[in-house]
Structure formats: C-alpha cells, structure tokens
Amino acid sequence: MTAADENIQFHTIAILVNNEPGVLARVIGLFSGRGYNIESLTVAEVKHSENLSRITIVTSGTPMIIEQIKAQLERLVPVHRVSDLTVEGPFVKRELALVKVRGSGENRVESLRIADIFRARVVDSTNSSFVFEIVGDTGKLDAFVNLMAPLGLVDVARTGVAAIARGAAAL
Amino acid sequence: MAIKKLTGAEIFLRVLKDQGVDVVFGYPGGVTLSLYDEIYKQNRLRHVLTRHEQAAVHAAEGYARSTGKPGVVLVTSGPGATNTVTGLADALMDSIPVVCIAGQVPTALIGNDAFQEADTTGITRSCTKHNNLVKDVDHLARVLHEAFYIATHGRPGPVMVDLPKDVINARGVYVGPDKVRIKSYQPRVEGDIGLINRAVKLMAKAKQPIIYAGGGVINAGPAASACLEQLVHATGFPCTLTLMGLGAFPASDKHFLGMLGMHGTYEANLAMHHCDVMLNVGARFDDRVTGKLDGFAPKAKKIHVDIDPSSINKNVLVDIAIVGDAGRVLEDMVKAWKSTQAKAKALKSWWRKIDGWRAKKCLSYGNNGKLVKPQYILQRLQAEIKDRDVYVTTDVGQHQMWTAQYIHFEKPNRLMTSGGLGTMGYGLPAAVGVQIAHPEALVVVVTSEGSLQMNLQELATVDQYRLPIKILVLNNGYMGMVRQWQELFYGKRYSESRYQGEPDFVKLAEAYGIMGLQAERPDQVDGLIKKMLAHDGAVLANLRIDPTENVFPMIAAGASHHEMILGPKEPDLAETGEDVVLA
C-alpha cells in the first residue's frame, strides 16, 4: 500500500439537480473525464413540481480530490446543491438488493433461515428458487450476498446507496 | 390580444439583437438554411464567413478576448458541429466567452443516423461550460439568453446550443433577456472582506512577496488591470504574469518581472521560488507555471483569488482562498491596503536579490550574423510597434514563447494566444476575429510554417473581407518545440518533426491576393518588417530562421523553478541551491 492509498477516504455525496436531459451524463462525464471514482450512484426524481432530482454518489479519493469533486460538481450549471454527507454530520445510508437463490433440500431451508436473520423478505418463490428483498447498509447487503453464495446464489440486483442526513435539516 | 409568435429563426436574430451581438462567425449548411435566410433579410447583424468551423470558433475567441464581449458562432449539424470541438475545448481551457449555435437534424430524425446527424450535445459536453438541445421553440429564447449569461458570468467559457431544423422553422413566443434567471447558477463575484483583510495583513508582513496574475484579471475587464497596477504601486511588490495574463500589468513597469513558468524569465521564476508571500490573482497554478509541485514556492504563504472555486486547492494547497471576481477583489484589496495604512516591509533587500537575477539577462541570445535569430526578429518588431496600439495573436510552439518573451504588452486584451489547450492553428483565425472587431487597428499574427498550415484556408477569409492582417511566419522547417524536446531529452532523434516540402509562401500569399514577403538574412529583417507594417493590406511574411534555435530559459517538465536551463552553452548556470552566488 502506497502513502497515497492510505489517504483514500470514502464519501457519500448528495446532489440536487434539475431533472433535465443530459444531467446524469454531465455528472458521470465529470467523474470519468477527471478520473474520479464512482463506488455507487443512484438517481431519481424527488420533487416533481420543481423538476428536481437527487443523485447520491459514493466516491473515494484523497481529501484534496474529494474537495475537487465537490467544487467541480457545484460548477455544473444544472446543479443546485452539493452536500458531503460524510462530513456534514450523521446520516442514514440504505441500499436495496434483490437476491435470487436456486436450490433444493437443506440449502433451500438454510437460505430461508438466513434471510429471516437478516430480515430479508421473500418476494418471489418457485419450487427451485427464491428471490429475497433485503434493505440495509452496504455492509449488511454484502454479508447477506456472501452467505447466499454457497447456497445457490445465481443473481443479484442492487440499487446502490440512497442517503439522507439525520435530524431536521434538509438539503 | 394574442401574443405575437415568431419563427425560431426570427427568435434567434432577436436574441442576438437584444444581447448586443453585431457579428457572428459561421458557415452555413443544410439545417441552418432558415437561419441564414433570416440573416440575408436584414442588415444589422454582420456574418463573417470563415473557411472552416474550427476557424469560426477561433475567430470568435479572438473577437471575445480583444473586446471583452462574447464571440458568437453559427454552424450546421454533423461535421459543422464536430469541427467546432477543438475551438470549444480551446475556449474552455482559456476561459473565453463563446456562444456557439449549431443546427441539428429535425427532432423526429434525432437518433436515426440521419444525414449530417451527430450527437452534438454528447460530443461537446466535456468541451463546453454548458450545452443544451432545444426541442421546443417556446424555450428557444430563454435557452439562448441563458447561453449568453452562462458564457459571460462567473468563469467565462463556451456554451453550445443545438437547434433542430424543425425548431428553427416553428413559431414560438419570444422572451427578453430580463426574464432569464438561472436559479442553479449564480457565481460569486464579491470576495469575502474578512479574508481580504487577512490577506492584506499577511502581505504587509511579507519580506519577499510576489504578485502572480493571470488571465482572470484580463477576463475581469480593463478596470481589473488598473486595480492590479494600483495594488502593485501601493505595495511596491514585484509582479509576474502568466502567458494568459500578459498585458494585465504594463510590461514597461519596473515592477514587472516578465512572464513566469516553463519559458518564463529567470527573475520571475526565482522570485516565485524564494518568495515568502505569494498573491495569485486569476491564475490557476497550471503545471507549465508551477513545474514540480512539491518544489513549488516551498517557503511561501499563498493567497489565491479566483472566481472559480474548483481552481482553488486543485493543484496547490493555499493558505487564504478568496472566491470572487479578480477586479472586485483587487479593488477591495487596494482599499483595505490603503485604509489599514498597511505598509510593506522594507523590500530593498528583496529587490536587490531580484535585480541580481535580472542582471543575468536571461533573454540574451547569441546573434552570429549568418542565420536569422527569431529573437532578433521579434525585437525588431517590438521596436517598430512600441508606440502603436497593436493586437498580437500567436499560434503554438517556440514562436509563441518568443513572442511572450520579446513583445511587450502594455495593455490587457492585446495578446490572443492559445494557452491551455495549445492549439496549433489558432493564430490566423483568431486574428480574423480581432481585425473584424477592430477594423482600424494593427493586427499582427506571429506564427510558424507548421501552425499556419493548420488553418491555412483562412487566408481566403482574410482576402474576402480585405482584412489588413500582418502574418509573420518564423519558418525553421521544423515543429520547433518538438524538435527542441527531441534535442534536449530524446538524444537528438528528430522523429517526424522535420517538414520536408513546403509551399512557396510568397506565391501562396499572392494566390490569395495577399502581399507575400520573404527574408533569409539578418540584414533583410528590418526592411521586411517596415515594408510589412507600411502596407495597407494583408501581408504574409516568410522569414527563414536558424533551425537550431531553442527557447530559453527553460524549466524542464517535472523540474522546479530554481532548476532552470538558461541557455544552450550554460546548462549548469542556473541556481541549484540557496547559497549560489549570483552575478
């Protein structure tokens, strides 16, 4: 591990943007064009009346790079607000995954048992498969998926992280 | 009463009128025919036909940089739009306000690989400050006004608007510029007064200060340059400028140390290296300026004034960062300096050091009398133009650096050069834009045979509009800067940097209806320059120069300011440490 690597931090950034054509391409293009990392990205409209979407990006870099990322995002014309949740106080971070497990016998029962422990729900079932729905932070989802791997895991769909600050203040 | 609806083409012209635009640079095509028809029907707006869309953007850049007003470009879809990419990227890097309007295939055909279709907004997204595809004629006026607002507010830059043919032909509602407000884009122009006071305090305590200013001061308007001059005189600090900043402070002022950076002067770079307080106004710590980052001004407290928050702490961590317009901040700084009656520490010993560095005369060169030295040509040109108000454009490479070193810019907006992107082919079309903006002024292009041939077709534009541009070609038969690096760093292996075969430039000029001149010997230089400047039309002057001449001083890529190479014969003369005694 080099000295630069040791300085790498993960930040969750919330961005309020105009919901207009090309806005996501602008944000993603900024990251790829300037060589920044995207660990996770989610986007959806959050305020239809004002035509606003919210993008949540989990990114990594040195403190100087993270500052640059925020400054570069703020510079984009359709961006209203950039909030670095990681530095602005406690925040809640959630991700949803749909996990398909195929199998029979003891493995099938075991997968159900683990799902119960993780408070995952069965949202689809056949004689030979389950689809579980699980919500939590990234670490919890990783753990669940890892446990399912030997039990017949065949497919995973994850939403990426949505995050919001704790407390009364809004973005 | 029903609101009167206008066609998209009429709206386009109305926007240009309300924005005070009187010239557009462009090239027509299939989908912009209706716009051109509208241009034909009126006499207010002037259209300048270039011979290539890239040149139209460079012309708009030259127009913008020499006037402070946005340059406007009109091109067609597909290749018309893709040809603008280099120009837009150039304008983005150098913060030049340009509004580029491109035609697009009808909305119903977008995505169908129609004739002359290109994903213009997709292609230009990363080489513009902002861009937009207009799909509804009722949004057209707003989007165009917004384009002008974005191009000229905050850090200036190019904005592209993509106009489908059916939108140009449809009828819609016009809104004026006063109705336009972009909620999500309101750049800060006033600097934080608390930070400005802290900066002034720091400056007052400095023993070895320096002011390092860049293109941001020029973009902030002539008043900003005047404030810079006031600040320098109030403080008595030395001042150096970036390539993009030349002219923001008078070159003849004794406080001026010349340009800094890779080919900057010895005194400017050593003053940067040894300073204890650095005030950077409107420059961005570019790698060509800083050299090796961890060796950059190691002892300095750094103050950075920039209108773009993303420029701050991007390359160099600073101690005080002031976000704001260079002119406003400089004005407040001068006020703060005067009102706190801050007095600079006695700077005598600092100036003594600087004078020691100056005494090196780092821009001297050997003049052997047989071959023409490019430095000599530029010195002669400088002598001839020093009492005139001259606009100079350059291309990119050795001749560009020599121009920056030997031509003295006393006023802002007088040097047009491609700094950030380093676009060969910029000079001639930029001069077209400058001459259109200043029909009576003397406009000189300093270029080389390599760069000139990258947009040679613009000689036809020069001819068509009878633009009396003086084109000075420093012809060494090489891509000079490439050749220089190959000589210094690649064992003199001159891979593909020699032009074998070139046109007869005099005949070429004459073929375009332009006066052609040629010189090969030093004793012909003076006569050639005089003849060129005396002619009332365009001139292309081809000067054969010493092909082995290199640009010095030089900081090699990845070296620090104090590790300069001063000249070909004395590579070790530069200071290597604190204790080196200077002549």
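In this predicted model, chain A is divided into domain 1 (3-84) and domain 2 (91-164), with bounds that come from an automatic or database domain assignment. Residues are numbered from 1 along each chain as its sequence is written, and chains are lettered from A in the order in which they are written. Local features need pLDDT of at least 70 and side-chain atom pairs count only at pLDDT 80 or more, whereas totals for chains, interfaces and linings use all residues, and side-chain values use heavy atoms, with hydrogens and water left out.

The C-alpha centres of domain 1 and domain 2 of chain A lie 28 Å apart, and their contact (heavy atoms within 4.5 Å) takes seven residues from domain 1 and eight residues from domain 2. Together the two domains of chain A bury about 500 Å², 53% of it on carbon and sulfur atoms, where buried area is the accessible area (1.4 Å probe) that two parts lose on being put together, summed over both. On the side of domain 1, A:Thr12, A:Thr42 and A:Arg54 lose the most area to domain 2, together 60% of what that side buries.

In chain B, helix H16 (residues 374-385) packs against helix H23 (residues 522-534) at an angle of about 40 degrees, with the axes 10 Å apart; helices here are DSSP runs (H or I, at least four residues), numbered from the N terminus, and axes are lines fitted to C-alpha atoms over the stretch in contact, with angles running from 0 to 180 degrees between N-to-C directions.

Key. Helices (H or I, at least four residues) and strands (E, at least two) are DSSP runs, numbered from the N terminus.
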